[in-house]
Amino acid sequence: MDFLETLLNGLSLGGTYAIIALGYTMVYGIAKMLNFAHGDIIMVGSYIIWFTFLRLDCHPSISIALAIICCVILGIVIERLAYRPLRGAPSLAVLITAIGVSSLLQGLPAILDTISKSSNNSALKEKLSGILNPLPIQDMVHTNKLVLFGVEFPISISALVTILITVATMIALTVFIKKSKTGKAMVAVSENRDAALLMGIHINKIIVVTFAIGSALAGVAATLMLTKGTPASPSFGALPGIVAFSAAVIGGIGSIPGAALGGFLIGILETFCNANSALSPYRNAIVFSVLIIILLFKPSGILGNPRREKV
Amino acid sequence: MAETLLEVNNLAVSYGVIRALKGISFHVDKGEIVSLIGANGAGKTTTLQTITGLLRPVSGNVIFKGNDLTHVPAHKIVSMGLGHVPEGRKIFQGLSVYDNLLLGAYTRKSKAEIEENMELVFRLFPRLLERKKQLAGTLSGGEQQMLAIGRALLSNPEMIVLDEPSMGLSPLLVTEVFEIIKTLQNEGKTVLLVEQNAKKAMSIADRVYVLETGMITMEGPASELINNENIKKAYLGE
(Lines give C-alpha, C1' and ligand atoms only; values in the text may rest on other atoms or scores of the structure.)
Protein backbone atom coordinates (compact mmCIF):
# COMPACT_ATOMS: atom_id res chain seq x y z
CA MET A 1 0.00 0.00 0.00
CA ASP A 2 1.09 3.48 -0.74
CA PHE A 3 2.76 5.18 2.25
CA LEU A 4 0.86 8.44 1.91
CA GLU A 5 -2.48 6.69 1.60
CA THR A 6 -1.81 4.60 4.72
CA LEU A 7 -0.75 7.70 6.61
CA LEU A 8 -3.95 9.53 5.64
CA ASN A 9 -6.08 6.54 6.58
CA GLY A 10 -4.21 6.43 9.86
CA LEU A 11 -5.00 10.09 10.45
CA SER A 12 -8.64 9.36 9.79
CA LEU A 13 -8.81 6.43 12.21
CA GLY A 14 -6.76 8.50 14.64
CA GLY A 15 -9.25 11.34 14.28
CA THR A 16 -12.01 9.06 15.50
CA TYR A 17 -9.88 7.95 18.45
CA ALA A 18 -9.02 11.59 19.13
CA ILE A 19 -12.70 12.58 19.34
CA ILE A 20 -13.36 9.74 21.79
CA ALA A 21 -10.19 10.56 23.73
CA LEU A 22 -11.31 14.20 24.00
CA GLY A 23 -14.47 12.96 25.73
CA TYR A 24 -12.45 10.96 28.27
CA THR A 25 -9.96 13.73 28.85
CA MET A 26 -12.55 16.49 29.37
CA VAL A 27 -14.42 14.51 32.00
CA TYR A 28 -11.23 13.31 33.66
CA GLY A 29 -9.67 16.77 33.68
CA ILE A 30 -12.63 18.51 35.23
CA ALA A 31 -14.68 15.94 37.13
CA LYS A 32 -11.51 13.97 38.07
CA MET A 33 -13.06 10.64 37.23
CA LEU A 34 -12.77 8.02 34.52
CA ASN A 35 -16.09 7.77 32.78
CA PHE A 36 -15.81 4.15 31.73
CA ALA A 37 -19.29 4.35 30.24
CA HIS A 38 -18.09 6.83 27.60
CA GLY A 39 -17.60 4.12 24.97
CA ASP A 40 -21.08 2.79 25.66
CA ILE A 41 -22.66 6.20 25.22
CA ILE A 42 -21.12 6.05 21.73
CA MET A 43 -22.80 2.65 21.29
CA VAL A 44 -26.21 4.10 22.20
CA GLY A 45 -25.56 6.93 19.73
CA SER A 46 -24.78 4.42 16.98
CA TYR A 47 -28.08 2.59 17.56
CA ILE A 48 -29.99 5.86 17.40
CA ILE A 49 -28.39 6.83 14.10
CA TRP A 50 -28.92 3.42 12.58
CA PHE A 51 -32.55 3.24 13.68
CA THR A 52 -33.60 6.79 12.75
CA PHE A 53 -31.69 6.75 9.47
CA LEU A 54 -32.46 3.29 8.08
CA ARG A 55 -35.77 2.46 9.80
CA LEU A 56 -37.40 5.87 10.14
CA ASP A 57 -35.86 7.32 6.96
CA CYS A 58 -34.67 10.49 8.68
CA HIS A 59 -32.32 12.80 6.83
CA PRO A 60 -28.74 11.94 7.92
CA SER A 61 -28.28 15.36 9.51
CA ILE A 62 -31.46 14.82 11.58
CA SER A 63 -30.25 11.35 12.61
CA ILE A 64 -26.88 12.68 13.68
CA ALA A 65 -28.41 15.63 15.55
CA LEU A 66 -30.84 13.28 17.32
CA ALA A 67 -27.99 10.96 18.28
CA ILE A 68 -25.93 13.83 19.69
CA ILE A 69 -28.90 15.18 21.65
CA CYS A 70 -29.73 11.73 23.06
CA CYS A 71 -26.08 11.15 24.01
CA VAL A 72 -26.00 14.51 25.82
CA ILE A 73 -29.19 13.67 27.74
CA LEU A 74 -27.87 10.19 28.56
CA GLY A 75 -24.56 11.64 29.79
CA ILE A 76 -26.33 14.16 32.02
CA VAL A 77 -28.66 11.49 33.43
CA ILE A 78 -25.74 9.15 34.17
CA GLU A 79 -23.85 11.94 35.93
CA ARG A 80 -26.91 12.89 37.98
CA LEU A 81 -27.95 9.38 39.00
CA ALA A 82 -24.70 7.46 39.22
CA TYR A 83 -21.78 9.84 39.72
CA ARG A 84 -23.05 12.88 41.61
CA PRO A 85 -24.19 10.91 44.69
CA LEU A 86 -20.58 9.71 44.92
CA ARG A 87 -18.97 13.15 44.87
CA GLY A 88 -16.33 13.08 47.57
CA ALA A 89 -16.41 9.26 47.77
CA PRO A 90 -13.12 7.35 47.33
CA SER A 91 -12.11 7.25 43.66
CA LEU A 92 -12.30 3.44 43.61
CA ALA A 93 -16.02 3.58 44.42
CA VAL A 94 -16.54 5.97 41.51
CA LEU A 95 -14.49 3.77 39.18
CA ILE A 96 -16.48 0.65 40.04
CA THR A 97 -19.72 2.59 39.52
CA ALA A 98 -18.52 3.75 36.11
CA ILE A 99 -17.71 0.17 35.13
CA GLY A 100 -21.18 -0.81 36.35
CA VAL A 101 -22.83 1.88 34.23
CA SER A 102 -20.82 0.66 31.26
CA SER A 103 -22.02 -2.93 31.71
CA LEU A 104 -25.57 -1.73 32.21
CA LEU A 105 -25.54 0.19 28.92
CA GLN A 106 -23.99 -2.75 27.08
CA GLY A 107 -26.79 -4.88 28.46
CA LEU A 108 -29.53 -2.61 27.16
CA PRO A 109 -29.84 -4.30 23.72
CA ALA A 110 -30.09 -7.68 25.48
CA ILE A 111 -32.85 -6.31 27.73
CA LEU A 112 -34.76 -5.04 24.69
CA ASP A 113 -34.23 -8.43 23.06
CA THR A 114 -35.77 -10.23 26.05
CA ILE A 115 -38.74 -7.86 26.03
CA SER A 116 -39.18 -8.45 22.32
CA LYS A 117 -39.10 -12.25 22.71
CA SER A 118 -41.47 -12.43 25.66
CA SER A 119 -43.93 -9.85 24.30
CA ASN A 120 -47.26 -10.89 22.79
CA ASN A 121 -47.70 -7.55 21.09
CA SER A 122 -46.56 -8.22 17.53
CA ALA A 123 -46.27 -4.54 16.59
CA LEU A 124 -43.88 -3.94 19.51
CA LYS A 125 -42.02 -7.12 18.64
CA GLU A 126 -41.47 -5.96 15.12
CA LYS A 127 -40.35 -2.52 16.20
CA LEU A 128 -37.85 -3.91 18.68
CA SER A 129 -36.37 -6.40 16.27
CA GLY A 130 -36.10 -3.49 13.85
CA ILE A 131 -33.85 -1.74 16.37
CA LEU A 132 -31.95 -4.80 17.50
CA ASN A 133 -30.51 -6.08 14.26
CA PRO A 134 -28.47 -3.21 12.93
CA LEU A 135 -27.06 -3.27 9.44
CA PRO A 136 -24.03 -1.33 8.29
CA ILE A 137 -25.14 2.06 6.97
CA GLN A 138 -23.74 1.91 3.44
CA ASP A 139 -25.15 5.33 2.52
CA MET A 140 -22.89 6.95 5.10
CA VAL A 141 -19.75 5.28 3.81
CA HIS A 142 -17.99 7.29 1.13
CA THR A 143 -15.02 5.21 0.06
CA ASN A 144 -14.69 7.18 -3.17
CA LYS A 145 -11.43 9.04 -3.41
CA LEU A 146 -11.47 12.78 -3.20
CA VAL A 147 -11.23 14.36 -6.65
CA LEU A 148 -10.42 18.03 -6.97
CA PHE A 149 -9.77 19.79 -10.29
CA GLY A 150 -9.54 16.43 -11.98
CA VAL A 151 -6.80 15.20 -9.62
CA GLU A 152 -7.50 12.14 -7.49
CA PHE A 153 -6.18 12.43 -3.96
CA PRO A 154 -5.16 9.30 -2.05
CA ILE A 155 -7.83 9.85 0.60
CA SER A 156 -11.49 8.88 0.78
CA ILE A 157 -14.13 11.51 1.41
CA SER A 158 -15.10 9.88 4.75
CA ALA A 159 -11.49 9.93 5.89
CA LEU A 160 -11.05 13.56 4.94
CA VAL A 161 -14.27 14.59 6.69
CA THR A 162 -13.18 12.71 9.83
CA ILE A 163 -9.85 14.55 9.93
CA LEU A 164 -11.52 17.92 9.36
CA ILE A 165 -14.14 17.31 12.05
CA THR A 166 -11.48 16.26 14.55
CA VAL A 167 -9.36 19.32 13.95
CA ALA A 168 -12.38 21.64 14.05
CA THR A 169 -13.64 20.06 17.29
CA MET A 170 -10.26 20.39 18.93
CA ILE A 171 -9.96 24.05 17.96
CA ALA A 172 -13.53 24.80 19.06
CA LEU A 173 -12.98 23.13 22.45
CA THR A 174 -9.70 24.93 23.02
CA VAL A 175 -11.22 28.31 22.17
CA PHE A 176 -14.24 27.57 24.38
CA ILE A 177 -12.06 26.69 27.37
CA LYS A 178 -9.60 29.55 26.91
CA LYS A 179 -12.04 32.32 26.05
CA SER A 180 -15.48 31.68 27.53
CA LYS A 181 -16.43 32.37 31.12
CA THR A 182 -17.70 28.81 31.56
CA GLY A 183 -14.48 27.46 30.05
CA LYS A 184 -12.35 29.40 32.52
CA ALA A 185 -14.58 28.21 35.35
CA MET A 186 -13.91 24.66 34.10
CA VAL A 187 -10.16 25.21 34.42
CA ALA A 188 -10.72 26.64 37.90
CA VAL A 189 -12.77 23.60 38.99
CA SER A 190 -10.17 21.28 37.50
CA GLU A 191 -7.32 23.00 39.37
CA ASN A 192 -8.85 23.55 42.77
CA ARG A 193 -12.45 22.93 43.74
CA ASP A 194 -12.31 24.83 47.03
CA ALA A 195 -10.85 27.92 45.39
CA ALA A 196 -13.48 27.64 42.61
CA LEU A 197 -16.22 27.54 45.26
CA LEU A 198 -14.78 30.67 46.85
CA MET A 199 -15.14 32.42 43.47
CA GLY A 200 -18.85 31.55 43.55
CA ILE A 201 -18.58 28.82 40.92
CA HIS A 202 -21.33 26.21 41.18
CA ILE A 203 -19.24 23.02 40.87
CA ASN A 204 -22.11 20.68 39.97
CA LYS A 205 -23.24 22.96 37.15
CA ILE A 206 -19.75 23.01 35.65
CA ILE A 207 -19.50 19.21 35.90
CA VAL A 208 -22.86 18.82 34.14
CA VAL A 209 -21.65 21.06 31.31
CA THR A 210 -18.51 18.92 31.09
CA PHE A 211 -20.51 15.71 30.83
CA ALA A 212 -22.78 17.30 28.23
CA ILE A 213 -19.79 18.25 26.07
CA GLY A 214 -18.13 14.86 26.54
CA SER A 215 -21.33 13.06 25.59
CA ALA A 216 -21.91 15.27 22.55
CA LEU A 217 -18.43 14.19 21.43
CA ALA A 218 -19.57 10.57 21.92
CA GLY A 219 -22.40 11.27 19.47
CA VAL A 220 -19.93 12.70 16.97
CA ALA A 221 -17.67 9.67 17.46
CA ALA A 222 -20.60 7.32 16.78
CA THR A 223 -21.20 9.10 13.48
CA LEU A 224 -17.55 8.93 12.45
CA MET A 225 -17.35 5.23 13.30
CA LEU A 226 -20.48 4.43 11.30
CA THR A 227 -19.00 6.15 8.26
CA LYS A 228 -16.24 3.54 8.40
CA GLY A 229 -18.84 0.84 7.80
CA THR A 230 -19.00 -0.77 11.25
CA PRO A 231 -22.59 -1.76 12.13
CA ALA A 232 -23.99 -0.84 15.54
CA SER A 233 -23.69 -3.58 18.16
CA PRO A 234 -23.69 -3.81 21.96
CA SER A 235 -19.89 -3.79 22.01
CA PHE A 236 -19.62 -1.03 19.37
CA GLY A 237 -17.92 1.42 21.74
CA ALA A 238 -16.07 -0.94 24.05
CA LEU A 239 -12.76 -1.59 22.26
CA PRO A 240 -12.49 1.82 20.55
CA GLY A 241 -13.26 3.26 23.99
CA ILE A 242 -10.33 1.45 25.59
CA VAL A 243 -7.98 2.33 22.73
CA ALA A 244 -9.04 5.98 22.84
CA PHE A 245 -8.69 6.06 26.61
CA SER A 246 -5.12 4.81 26.13
CA ALA A 247 -4.65 7.57 23.56
CA ALA A 248 -5.76 10.13 26.14
CA VAL A 249 -3.28 8.67 28.65
CA ILE A 250 -0.40 8.64 26.14
CA GLY A 251 -1.12 12.26 25.21
CA GLY A 252 -1.43 13.27 28.86
CA ILE A 253 -4.87 12.84 30.35
CA GLY A 254 -6.60 16.13 31.02
CA SER A 255 -4.86 17.80 28.08
CA ILE A 256 -6.92 18.58 24.97
CA PRO A 257 -4.05 18.71 22.46
CA GLY A 258 -2.68 15.64 24.23
CA ALA A 259 -5.85 13.67 23.53
CA ALA A 260 -5.72 14.63 19.85
CA LEU A 261 -2.03 13.82 19.59
CA GLY A 262 -2.47 10.46 21.32
CA GLY A 263 -5.46 9.63 19.12
CA PHE A 264 -3.62 10.40 15.89
CA LEU A 265 -0.54 8.55 17.08
CA ILE A 266 -2.42 5.34 17.88
CA GLY A 267 -4.55 5.61 14.75
CA ILE A 268 -1.51 5.88 12.51
CA LEU A 269 0.32 3.11 14.32
CA GLU A 270 -2.67 0.79 14.08
CA THR A 271 -3.21 1.54 10.39
CA PHE A 272 0.42 0.86 9.52
CA CYS A 273 0.30 -2.42 11.44
CA ASN A 274 -2.86 -3.34 9.55
CA ALA A 275 -1.28 -2.51 6.20
CA ASN A 276 1.53 -4.97 6.87
CA SER A 277 0.19 -8.51 6.79
CA ALA A 278 2.94 -9.82 9.07
CA LEU A 279 2.19 -7.24 11.77
CA SER A 280 -1.55 -7.00 11.48
CA PRO A 281 -2.48 -9.84 13.89
CA TYR A 282 -0.35 -8.17 16.55
CA ARG A 283 -1.66 -4.65 16.11
CA ASN A 284 -3.26 -4.33 19.56
CA ALA A 285 -0.19 -5.85 21.19
CA ILE A 286 2.02 -3.36 19.35
CA VAL A 287 -0.21 -0.39 20.17
CA PHE A 288 -0.32 -1.22 23.86
CA SER A 289 3.42 -1.95 24.00
CA VAL A 290 4.05 1.54 22.66
CA LEU A 291 1.69 2.87 25.32
CA ILE A 292 3.70 1.12 28.04
CA ILE A 293 7.02 2.34 26.64
CA ILE A 294 5.86 5.95 26.42
CA LEU A 295 4.49 5.83 29.96
CA LEU A 296 7.76 4.35 31.25
CA PHE A 297 9.60 7.41 30.02
CA LYS A 298 6.88 9.97 30.58
CA PRO A 299 4.43 8.76 33.24
CA SER A 300 2.19 11.83 32.89
CA GLY A 301 1.89 11.41 29.10
CA ILE A 302 3.51 13.30 26.25
CA LEU A 303 1.81 16.65 26.88
CA GLY A 304 0.73 16.09 30.48
CA ASN A 305 2.60 18.21 32.97
CA PRO A 306 2.88 17.12 36.55
CA ARG A 307 1.92 20.33 38.33
CA ARG A 308 3.67 21.37 41.47
CA GLU A 309 2.19 23.68 44.05
CA LYS A 310 4.28 26.77 44.64
CA VAL A 311 4.46 27.65 48.28
CA MET B 1 -21.53 50.79 69.43
CA ALA B 2 -20.23 49.86 66.00
CA GLU B 3 -22.34 47.73 63.72
CA THR B 4 -21.52 44.02 63.92
CA LEU B 5 -20.82 42.56 60.47
CA LEU B 6 -19.83 39.01 61.33
CA GLU B 7 -20.87 37.03 64.34
CA VAL B 8 -19.62 33.52 65.13
CA ASN B 9 -21.58 31.73 67.86
CA ASN B 10 -20.44 28.59 69.68
CA LEU B 11 -18.96 27.19 66.49
CA ALA B 12 -17.89 23.55 66.73
CA VAL B 13 -16.32 21.65 63.83
CA SER B 14 -15.07 18.06 63.65
CA TYR B 15 -12.94 16.08 61.24
CA GLY B 16 -14.31 12.62 61.96
CA VAL B 17 -13.70 12.01 65.64
CA ILE B 18 -11.24 14.86 65.97
CA ARG B 19 -12.82 18.03 67.25
CA ALA B 20 -11.02 20.93 65.59
CA LEU B 21 -13.15 23.73 67.03
CA LYS B 22 -14.73 23.27 70.45
CA GLY B 23 -17.36 25.98 70.39
CA ILE B 24 -15.80 29.36 69.67
CA SER B 25 -17.54 32.72 69.62
CA PHE B 26 -16.29 36.02 68.29
CA HIS B 27 -17.44 38.97 66.25
CA VAL B 28 -16.09 41.46 63.75
CA ASP B 29 -17.47 44.99 63.55
CA LYS B 30 -17.81 46.96 60.36
CA GLY B 31 -14.54 48.63 59.37
CA GLU B 32 -12.38 46.68 61.83
CA ILE B 33 -9.29 44.58 61.30
CA VAL B 34 -9.61 41.59 63.61
CA SER B 35 -6.77 39.09 63.94
CA LEU B 36 -7.13 35.49 64.95
CA ILE B 37 -3.73 34.31 66.10
CA GLY B 38 -2.58 30.90 67.22
CA ALA B 39 -0.11 28.12 66.63
CA ASN B 40 -0.21 25.48 63.91
CA GLY B 41 -3.26 23.27 64.37
CA ALA B 42 -5.09 25.67 66.66
CA GLY B 43 -8.07 25.71 64.28
CA LYS B 44 -7.52 29.01 62.47
CA THR B 45 -7.99 27.74 58.91
CA THR B 46 -10.89 25.55 60.03
CA THR B 47 -12.58 28.67 61.40
CA LEU B 48 -12.26 30.58 58.13
CA GLN B 49 -13.30 27.59 56.00
CA THR B 50 -16.41 27.14 58.11
CA ILE B 51 -17.29 30.83 57.80
CA THR B 52 -17.19 30.69 53.99
CA GLY B 53 -18.98 27.35 53.74
CA LEU B 54 -16.13 25.02 52.72
CA LEU B 55 -16.68 23.13 55.99
CA ARG B 56 -19.91 22.57 57.89
CA PRO B 57 -20.12 22.99 61.66
CA VAL B 58 -21.35 20.29 64.04
CA SER B 59 -23.07 22.99 66.06
CA GLY B 60 -23.17 26.75 66.37
CA ASN B 61 -23.65 29.25 63.60
CA VAL B 62 -22.14 32.06 61.54
CA ILE B 63 -24.17 35.25 61.05
CA PHE B 64 -23.05 37.68 58.35
CA LYS B 65 -24.98 40.94 57.90
CA GLY B 66 -27.86 39.36 59.82
CA ASN B 67 -28.01 36.25 57.60
CA ASP B 68 -27.27 32.78 58.93
CA LEU B 69 -24.59 31.34 56.64
CA THR B 70 -24.58 27.88 58.20
CA HIS B 71 -26.78 26.32 55.54
CA VAL B 72 -25.92 28.55 52.58
CA PRO B 73 -24.05 26.61 49.86
CA ALA B 74 -20.40 27.68 49.62
CA HIS B 75 -20.70 29.05 46.08
CA LYS B 76 -23.41 31.51 47.15
CA ILE B 77 -21.47 33.09 49.98
CA VAL B 78 -19.11 35.25 47.93
CA SER B 79 -21.96 37.18 46.33
CA MET B 80 -23.25 38.06 49.81
CA GLY B 81 -20.15 40.23 50.24
CA LEU B 82 -17.67 37.90 51.90
CA GLY B 83 -14.34 37.35 50.10
CA HIS B 84 -11.88 34.64 51.16
CA VAL B 85 -8.15 34.62 50.43
CA PRO B 86 -7.36 30.96 51.12
CA GLU B 87 -4.33 29.47 52.81
CA GLY B 88 -1.55 28.77 50.32
CA ARG B 89 -3.16 31.33 47.94
CA LYS B 90 -4.76 28.66 45.70
CA ILE B 91 -4.55 30.81 42.59
CA PHE B 92 -5.37 29.14 39.27
CA GLN B 93 -1.89 28.45 37.94
CA GLY B 94 -2.91 27.47 34.43
CA LEU B 95 -4.81 30.72 33.82
CA SER B 96 -3.45 34.19 33.15
CA VAL B 97 -3.27 36.80 35.90
CA TYR B 98 -6.13 38.65 34.22
CA ASP B 99 -8.31 35.53 33.99
CA ASN B 100 -7.67 34.80 37.68
CA LEU B 101 -8.93 38.27 38.52
CA LEU B 102 -11.93 37.85 36.21
CA LEU B 103 -12.87 34.62 37.99
CA GLY B 104 -12.87 36.65 41.19
CA ALA B 105 -15.77 38.57 39.63
CA TYR B 106 -17.49 35.35 38.46
CA THR B 107 -20.82 36.08 40.14
CA ARG B 108 -21.01 39.72 39.04
CA LYS B 109 -22.84 40.94 35.98
CA SER B 110 -21.97 44.62 35.46
CA LYS B 111 -18.91 44.96 33.20
CA ALA B 112 -18.45 48.59 34.23
CA GLU B 113 -18.32 47.71 37.93
CA ILE B 114 -15.91 44.85 37.30
CA GLU B 115 -13.68 47.22 35.32
CA GLU B 116 -13.78 49.69 38.21
CA ASN B 117 -12.63 46.99 40.63
CA MET B 118 -9.98 45.86 38.18
CA GLU B 119 -8.57 49.39 38.22
CA LEU B 120 -8.54 49.46 42.01
CA VAL B 121 -6.63 46.16 42.10
CA PHE B 122 -4.12 47.34 39.52
CA ARG B 123 -3.66 50.54 41.51
CA LEU B 124 -2.97 48.54 44.69
CA PHE B 125 -0.80 46.01 42.85
CA PRO B 126 0.91 47.63 39.84
CA ARG B 127 2.96 44.43 39.48
CA LEU B 128 -0.16 42.52 38.50
CA LEU B 129 -0.88 45.00 35.71
CA GLU B 130 2.63 44.44 34.33
CA ARG B 131 2.05 40.69 34.38
CA LYS B 132 -1.57 40.73 33.32
CA LYS B 133 -1.16 38.23 30.48
CA GLN B 134 1.36 35.97 32.20
CA LEU B 135 0.30 32.55 33.50
CA ALA B 136 -0.36 32.87 37.21
CA GLY B 137 1.80 29.81 37.94
CA THR B 138 4.88 31.72 36.76
CA LEU B 139 4.51 34.47 39.39
CA SER B 140 6.75 34.65 42.45
CA GLY B 141 5.29 33.75 45.84
CA GLY B 142 4.73 37.39 46.77
CA GLU B 143 3.05 38.18 43.46
CA GLN B 144 0.84 35.13 43.86
CA GLN B 145 -0.25 36.39 47.27
CA MET B 146 -1.09 39.76 45.75
CA LEU B 147 -3.03 38.01 43.01
CA ALA B 148 -4.96 36.00 45.59
CA ILE B 149 -5.89 39.21 47.44
CA GLY B 150 -6.70 40.98 44.16
CA ARG B 151 -8.88 38.07 43.06
CA ALA B 152 -10.87 38.28 46.29
CA LEU B 153 -11.25 42.06 45.86
CA LEU B 154 -12.78 41.54 42.40
CA SER B 155 -15.93 40.23 44.08
CA ASN B 156 -16.15 43.69 45.69
CA PRO B 157 -16.55 42.19 49.16
CA GLU B 158 -17.65 44.13 52.19
CA MET B 159 -15.54 41.86 54.31
CA ILE B 160 -12.42 39.97 53.38
CA VAL B 161 -10.99 37.02 55.31
CA LEU B 162 -7.30 36.29 54.83
CA ASP B 163 -5.66 32.99 55.73
CA GLU B 164 -1.93 33.28 56.52
CA PRO B 165 -1.10 35.89 53.88
CA SER B 166 2.51 36.06 55.12
CA MET B 167 3.19 32.33 54.71
CA GLY B 168 6.40 31.60 52.82
CA LEU B 169 7.19 35.26 52.08
CA SER B 170 10.44 37.12 52.75
CA PRO B 171 10.35 39.66 55.64
CA LEU B 172 10.28 42.55 53.18
CA LEU B 173 7.28 41.14 51.35
CA VAL B 174 5.54 40.35 54.63
CA THR B 175 5.74 44.04 55.52
CA GLU B 176 4.38 44.95 52.09
CA VAL B 177 1.44 42.54 52.40
CA PHE B 178 0.52 43.91 55.83
CA GLU B 179 0.65 47.46 54.51
CA ILE B 180 -1.77 46.39 51.80
CA ILE B 181 -4.14 44.92 54.39
CA LYS B 182 -4.08 48.25 56.20
CA THR B 183 -4.88 49.94 52.87
CA LEU B 184 -7.87 47.61 52.43
CA GLN B 185 -9.22 48.95 55.71
CA ASN B 186 -8.79 52.50 54.41
CA GLU B 187 -10.70 51.47 51.29
CA GLY B 188 -13.61 50.66 53.58
CA LYS B 189 -13.19 46.89 53.81
CA THR B 190 -13.64 44.94 57.00
CA VAL B 191 -10.86 42.41 57.55
CA LEU B 192 -10.62 39.13 59.44
CA LEU B 193 -7.01 38.02 59.43
CA VAL B 194 -5.65 34.66 60.49
CA GLU B 195 -1.90 34.60 61.15
CA GLN B 196 0.92 32.70 62.73
CA ASN B 197 3.04 35.82 62.53
CA ALA B 198 1.44 37.20 65.69
CA LYS B 199 3.66 40.25 65.97
CA LYS B 200 2.77 41.56 62.51
CA ALA B 201 -0.87 40.59 62.86
CA MET B 202 -1.19 42.48 66.14
CA SER B 203 0.57 45.51 64.76
CA ILE B 204 -2.20 46.25 62.26
CA ALA B 205 -5.23 44.77 64.07
CA ASP B 206 -7.83 46.65 66.06
CA ARG B 207 -8.75 43.61 68.12
CA VAL B 208 -7.20 40.20 68.58
CA TYR B 209 -8.48 36.74 69.50
CA VAL B 210 -6.07 34.01 70.56
CA LEU B 211 -7.01 30.52 69.44
CA GLU B 212 -5.52 27.50 71.23
CA THR B 213 -6.46 23.90 70.33
CA GLY B 214 -9.92 24.84 69.16
CA MET B 215 -10.80 27.31 71.89
CA ILE B 216 -10.50 31.07 72.26
CA THR B 217 -8.31 31.64 75.28
CA MET B 218 -7.83 35.39 75.17
CA GLU B 219 -9.31 38.40 73.48
CA GLY B 220 -8.98 42.15 73.58
CA PRO B 221 -7.78 45.26 71.79
CA ALA B 222 -4.47 44.67 70.01
CA SER B 223 -2.84 47.53 71.92
CA GLU B 224 -3.54 45.73 75.21
CA LEU B 225 -2.70 42.17 74.21
CA ILE B 226 0.60 43.17 72.67
CA ASN B 227 1.83 44.01 76.19
CA ASN B 228 0.37 40.91 77.82
CA GLU B 229 3.12 38.81 79.44
CA ASN B 230 1.66 35.43 78.41
CA ILE B 231 1.27 36.52 74.83
CA LYS B 232 4.77 37.90 74.74
CA LYS B 233 6.13 34.56 75.93
CA ALA B 234 3.99 32.29 73.78
CA TYR B 235 3.63 34.20 70.51
CA LEU B 236 6.05 37.09 70.31
CA GLY B 237 9.16 35.21 71.39
CA GLU B 238 10.22 37.84 73.89
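Colleague: Which strands does helix α7 of chain B lie across, and how do you know?

Modeller: Helix α7 (residues 171–186) lies across β3, β7 and β8 of chain B, where contact means heavy atoms within 4.5 Å. The helix runs at about 155° to β8(B); axes are lines fitted to C-alpha atoms, for helices over the stretch in contact, and angles go from 0 to 180 degrees between N-to-C directions. Keep in mind that this is a predicted model, where local features need pLDDT of at least 70 and side-chain atom pairs count only at pLDDT 80 or more, while totals for chains, interfaces and linings use all residues. Residues are numbered from 1 along each chain as its sequence is written, chains are lettered from A and ligands numbered from 1 in the order written, and side-chain values use heavy atoms, without hydrogens and water.

Colleague: What makes β6 and β10 of chain B edge strands?

Modeller: The open sheet has 6 strands in the order β6-β7-β8-β3-β9-β10 (chain B), with mixed pairing. Strands are DSSP E runs of at least two residues, helices are H or I runs of at least four, both numbered from the N terminus, and two strands pair if DSSP finds at least two bridges between them. β6 (82–85) and β10 (215–221) of chain B each have a single partner strand, so one side of each has no neighbour in the sheet. The twist averages 15° from one strand to the next.

Colleague: How do you know that β7(B) pairs with β6(B) and β8(B)?

Modeller: Count the bridges against that cut-off of at least two. β6(B) and β7(B) are joined by 4 bridges, and β7(B) and β8(B) by 5, so by the definition both count as pairs. Both pairings run parallel. H84(B), for one, has V161(B) as its bridge partner in β7(B), and M159(B) has T190(B) in β8(B).

Colleague: Why is β7(B) called mostly covered?

Modeller: Buried means under 20% relative accessible area, exposed over 50% and partly exposed in between, using a 1.4 Å probe and protein chains only. In β7(B), 5 of its 5 residues are buried. In a regular strand the side chains alternate between the two faces of the sheet. Here M159(B), V161(B) and D163(B) are buried on one side, and I160(B) and L162(B) on the other.

Colleague: What makes the span of α4(B) close to the one expected?

Modeller: The expected span is 1.5 Å times one less than the number of residues. Helix α4 (residues 111–124) of chain B has 14 residues and reaches 20 Å from its first C-alpha to its last, against an expected 20 Å. Its buried residues include I114(B), M118(B) and F122(B), and α3 (97–104), α5 (126–130), α6 (141–153) and α7 of chain B are among what covers the buried residues.

Colleague: What makes a space a cavity, and which residues line the largest one?

Modeller: On a 1 Å grid over the protein atoms alone, a cavity is a set of points where a 1.4 Å probe fits but cannot get out, and lining residues have an atom within 4 Å of a point. There are 4 cavities of 30 Å³ or more. The largest has a volume of about 50 Å³, and its lining includes D194(A), A195(A), L198(A), H84(B) and D163(B). Helix α8 (residues 193–198) of chain A gives the most to that lining, with 3 residues.

Note on methods. 1 Å grid on protein atoms, 1.4 Å probe; cavity = no way out; pocket = protein on both sides within 12 Å on 5 of 7 lines; lining within 4 Å. Points joined across faces, edges and corners; volume = space filled by probe spheres on them.
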